[in-house]
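Welcome! Take a look at the structure below, and then work through the exercises with their solutions.

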Amino acid sequence: MVLKHIAIIGLGSIGRRHLRILKKLRPQLKVTLVRSGKGIYWEEENLANRTVKSIFDAIKENVQAAIIATPASMHLEQARELAQAGIHLLVEKPLSHKIEIIDQLITDVHKSEVIGMVGYVLRYDPAAMRFKEFFDNTGIIGKPLHARVECGSYLPDWRPYQDYRTSVSARSELGGGVLLELSHELDYIRWFFGEMNSVCASIQNSGTLDIDVEDSVDMVFNSKLGFNISVHLDFNSRINRRRCCVHCTEGDLIWDVISKKVVWRPANGPEEVINFDHDQDKIYREQLKHFFDCIEQNQKPIVSIEDGIAALQMVEAAKKSNKTAKKVIVV
């Protein structure tokens, strides 16, 4: 099929980004925007061909695909309604704010034979792809011994145009907190290192941001490859940092997300630094191109609904570990 009509559900920061990129990638593509009417006006709304107030209205407009960019608490219900109508899906991360009845979406997607993707966009980062190629080349790195993943930033700086305390990220009922908001890291460690056996986790609210969700999490995953991966996530740090480092028998392999580089630091030999130069929209463009290819060329999704569920299972296991102060099996 040729994609001619797509819906965007929600016009927050990520919905506006998708809309801008869509119109540049495929100016001829008809876009129906779904908004409740309660949000503020954004200039990007003028890029859409039509705005409606409900998913039901969008379905009546005969949209063929949809990007769900609403708060996580709305994702499951909206995705199921669209899937049951035979509409292809790109659901922003996380797939939902809770794991309960999420399997029903799998049933709907398979029954309707639609494409179902989740927006873990770091999988389209060229530096991340180079890192994975390096890691998979055991002839160079040797045996992985342990890994350290960290992502730290400052929530008040995320969306300077609004009070961060009222944002989705700061409200538990909408799927806020660092575990879900920064679950990109949970997705990519599965991509890099395979499935996880277990996790020990400590979840904290520092009290410095005046919010009711966790602002810092430390986790140690045991991977089925036989080594541990420590993961630190926070959005109460004033200095941004985002990196992944694997210590191997032959040296250290590092991906620095912010500086867009991959570093191989061998125990014996010169350091190799691979720099990348791309704008922030590139990974979103590549994700949308892939979504189109899945619909039009029958490609297999890079990040499936099942991958989205796996990330939620890691979140739930971390919460259980924190509550019980014990190591918890991930699946």
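**Exercise 1.** Is His-232 buried or exposed?

Before we start, note that this is a predicted model, where local features need pLDDT of at least 70, side-chain atom pairs count only at pLDDT 80 or more, and totals for chains, interfaces and linings use all residues. Residues are numbered from 1 along each chain as its sequence is written, and side-chain values use heavy atoms, with hydrogens and water left out.

*Solution.* Step one: find His-232 in strand β10 (residues 228-234); strands (E, at least two residues) and helices (H or I, at least four) are DSSP runs, numbered from the N terminus. Step two: His-232 has a relative accessible area of 11%. Buried means under 20%, exposed over 50%, and partly exposed in between, using a 1.4 Å probe and protein chains only. His-232 is therefore buried. Step three: look at what surrounds this residue. Setting aside neighbours within four places in sequence, His-232 is in contact (heavy atoms within 4.5 Å) with residues including Arg-148, Glu-150, Ser-216 and Arg-241.

**Exercise 2.** Find the buried residues of helix α4 and say what they pack against.

*Solution.* Start with residues 103-112, which form α4; Leu-105, Ile-106, Asp-108 and Val-109 are buried there. They sit on the same side of the helix because they cover an arc of only 165° around the axis, taken from the directions from the helix axis to the C-beta atoms. Now turn to the other side of α4, where Asp-103, His-110 and Lys-111 are exposed. Finally, the buried residues pack against α3 (72-84), β5 (88-92), β6 (116-119) and α10 (305-324).

**Exercise 3.** Work out the strand order of the 9-stranded open sheet and name its edges.

*Solution.* Reading across, the order is β14-β13-β12-β11-β7-β10-β9-β8-β15, with mixed pairing. The edge strands β14 (272-275) and β15 (328-329) each pair on one side only; two strands pair if DSSP finds at least two bridges between them.

**Exercise 4.** Describe how helices α5 and α8 pack.

*Solution.* First the geometry: α5 (residues 126-136) and α8 pack at an angle of about 35°, with their axes 10 Å apart. Axes are lines fitted to C-alpha atoms, for helices over the stretch in contact, and angles run from 0 to 180 degrees between N-to-C directions. Then the residues: among them are Met-129 and Phe-135 of α5, and Trp-191 and Phe-192 of α8.
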